Amino acid sequence: AVAPPAQASTMFPFPYQPYNIQEQFMQALYGALEQGKVGIFESPTGTGKSLSLICGALSWLADHEERKRQEAAALLHDGEAALSASTDPSSTTSSSAEPDWITDFVQKKAERDLVSKLKEEELKRKKREERLEMIRNNVQLKYAMKRKNCEDDETFKLLQLSKEEKTEAPEHKEDEELIIAEYESDDELKGKNDEDDELVEEHVTKIYYCSRTHSQLAQFVHEVQKSPFSKDISLVTLGSRQNLCINEEVRSLGSIQRINDCCMEMQKNKHGEKKQHHEEGVKRKRGPAKTVCPYNKTSALQQMRDVVLGTVHDIEQLLKLGRETHSCPYYATRLSIPPAQLVVLPYQMVLHEATRKAAGVQLKGQVVIIDEAHNLSDTLSCIHSAELNGAQLCRAHSQLTQYADRYKSRLKAKNLMYIKQILFVVEGLVQVLGGKWVWHKSLIVMLLFLLGIEMLTINNFHFKAHIDNINLFKVVDISSPDQQGSVEADKVLSASPMMQVEGFLMALTNSNTDGRVVVHRQGTLSDNSVKFLLLNPAVHFTQVLKECRAVIIAGGTMQPVSDFKQELLFSAGVGEERITEFSCGHVIPPENILPLVLCSGPSGQELDFTFQNRDSPRMMDETGRILSNICNVVPGGVVCFFPSYDYSRRIIAHWEASGALSRLSNKKKIFQEPKKANQVEQVLSDFSRCIQRCALDGGGLTGALLFSVVGGKMSEGINFSDDLGRCVVMVGMPYPNIKSPELQEKMSYLDKHLPHVGGRSPGQALIENLCMKAVNQSIGRAIRHRGDYSSIVLCDRRYSRPATLSKLPTWIKARTSTHTSFGPAFARNSTNSMCSKNTEG
């Protein structure tokens, strides 16, 4: 094998002189990718994590491809040399039973096959590179633009014709459209391929980068555009139909389910017409023409794919490009996956197997980078959980019953049997929710009994619903094609209830030990619900870890790493030897951060915000005095986090009654986290403008005070940089509700399946970790770049415990000081360079 270039681990292309910690990050990343590791990388926000990921990973990819080329060239050279060597085809026999010429022939054939394969792969590689070079030099695009101009009129006419046909079509299409084809099992479907052969390409070595939100993905793409690799990398950004569809009639449907269903119907119509066109002697059925999407033409998709591969685009640019070329960005980006070197996509498209397959994402031998991964366990659990309510079940039952009644004389006996089987399953689910089917004059009446919450294993739920003898894998396969063909239902419902049922039944196919089913009865069938709760997220992460060459799990705060490894990696069968960890400090000077643990307030009241103590008037008054002192000395913005919405409401009401809120408003204008998510931007804008005005002429005000909630709308993804967050105050410890049945079941599962460490049960560790993860996300909102500075005040004596302090980010923990009395802590805060020296007793 060819050794990696000597400079690979020490020098990386970068748009500017990197920080030392960025150099270290890239070296560690390069090593993890080269050795096929599972890497846990922690780099605080403001330290250039995205650029480090880009330049480190793409440097490795370039070197890896070059080494593969060199190795292939060396093998080809050796193979050709061996073939050219002369041999004596004598018929004398060797010590083996076969003559030498036979042995020589077999050996030569193997060598010829190897040489032929290497030449074929080299030819494919050269063709890919030449094609990509042509795209980047705009040669093919010029021809494509000429072709597009010729097709513009035709596309416009097709769009108009589609609209006219839709308007003129009768309210109900012909019955043939709603009759499902005979169900075929997986074995019967083998060998069938609905894809266009001319668009299928071979997958090259690539990096899949995924993050939580589309805005985070867009930000990453912009960083790639600024990097030294922007002109040489083939990048494609993936998204849902809701994000990438440019057909305005489809987009106007609103919900993602209706958009998906309409798009799938258009695909079915397109393939149906194509099939009919190629079948000679087939007479076209009467009736209106079926609607097809004018943006899903092979030539236009190929054109857009070429442009996507030639230049780096974010989603907004993809939408603009799609409208210019009259091509669907959703399908064009999917076609771009095989030849792309960097694929940028949301979490669920990698972590959910069915979504992964539908998108054409292949992980075998590839690299996956999961960014913003601090909530990876929760994300996996959420993606693979499912919930149904009584109203959805009743709608699904009603739709399927009406369908069966209407077409029973025309359905094949086998299909009718499958429909009855699905109805049987739905009826069983309704009975579990406390309903009982009563047939009266063709109407279904629901009788209710039992109330409360019930936790069941998957097997027990099967028995309780009387579906233990049903093959749910088969039922899920059956229910899918029915939804693709059911057009009338989509006109009435914003989301297909059968799709919800299908998702829940698929969740029930998990192993009995890996999940639980929560039955919640509230009194009315519509509100009653049944929820599948995934207890073991590692079971769905295992395939990703096994298939990929390397997996990088990155975030600004990954603490506590030990429990993360235990729950997600060790449980998935990953050995310690395959795991590598990297954690770096911040780029800010040490004096730019002042983390304090307060064990008591100004009057000496011990700060103990346990459930028993936090509602006492003395504790609330003491918290008000702490905030008052902080607002007197800290300029600009102060952000105060409370452990819950309920406690936030109670303590603010107490301050309002006692006059403490009025005293606070004399120093800083007060803002509160809004109840609605769409109001967050406005509150932040007003908060920012107030601070800016106060910096110029406050009229007695020194800035603004924002009341927020841990885990709320402003504790994650919001930046309180510079004057917006000169001090972050954490009131109490945001432990989750331990009385939650779901949390209790999760704790019980961990206690049973994971080892006890340091005298603590895994369930206890889960509670502590959930709390400190939330704290770390909240306090990390303040320091956002190299020149930023802030104070962090943790108000609760429990933060002083060594086990709790150890779960803070390393760069914060190293600077944290604990104070048993308020005076010394306040003196340190007051004399800090970021604050004035005004105080209040």
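Predicted model: local features only at pLDDT ≥ 70, side-chain atom pairs only at ≥ 80, totals over all residues.
Close-up 1. With a relative accessibility of 12%, Y403 falls under the 20% cut-off and so counts as buried. Y407 is buried too, at 2% relative accessibility. The two tyrosines form a tilted aromatic pair, with 5.1 Å from centre to centre and 55° between the planes.

**Close-up 2. Y330 and Y331, one of the 15 aromatic pairs in the structure.** Here the ring planes meet at 85° and the centres are 5.0 Å apart, so this pair is edge-to-face. Y330 and Y331 are both buried.

**Close-up 3. A cluster of rings.** Follow the ring pairs here and you will find F642, Y647, W655 and F707 linked together.

**Close-up 4. Charges over rings.** K669 lies over the face of F671, 5.7 Å from the ring centre. For R726, look to Y789: the charged end of the arginine sits over that ring, 3.7 Å from its centre.

**Close-up 5. The largest cavity, about 100 Å³ in volume.** The model has 9 cavities of 30 Å³ or more. Around the largest one are 14 lining residues, and those nearest its centre are C245, N247, C263, C293 and C328. Helices α9 (256-278) and α12 (329-335) are the elements that each give two or more residues to this lining, and α9 gives the most, with 3. By type, the lining comprises 10 nonpolar residues, 3 polar and 1 charged.

How values were computed
Residues numbered from 1 in each chain as written. Heavy atoms only, no water. 1 Å grid on protein atoms, 1.4 Å probe; cavity = no way out; pocket = protein on both sides within 12 Å on 5 of 7 lines; lining within 4 Å. Points joined across faces, edges and corners; volume = space filled by probe spheres on them. Helix = DSSP H or I, 4+ residues; strand = E, 2+ residues; numbered from the N terminus. Nonpolar A, V, L, I, M, F, W, Y, C, P; charged D, E, K, R; others polar. Phe/Tyr/Trp six-rings, centres within 6.5 Å; stacked < 30°, edge-to-face > 60°. Buried < 20%, exposed > 50% of the residue type's maximum accessible area, 1.4 Å probe, protein only. Lys NZ or Arg CZ within 6 Å of the ring centre and 35° of its normal.
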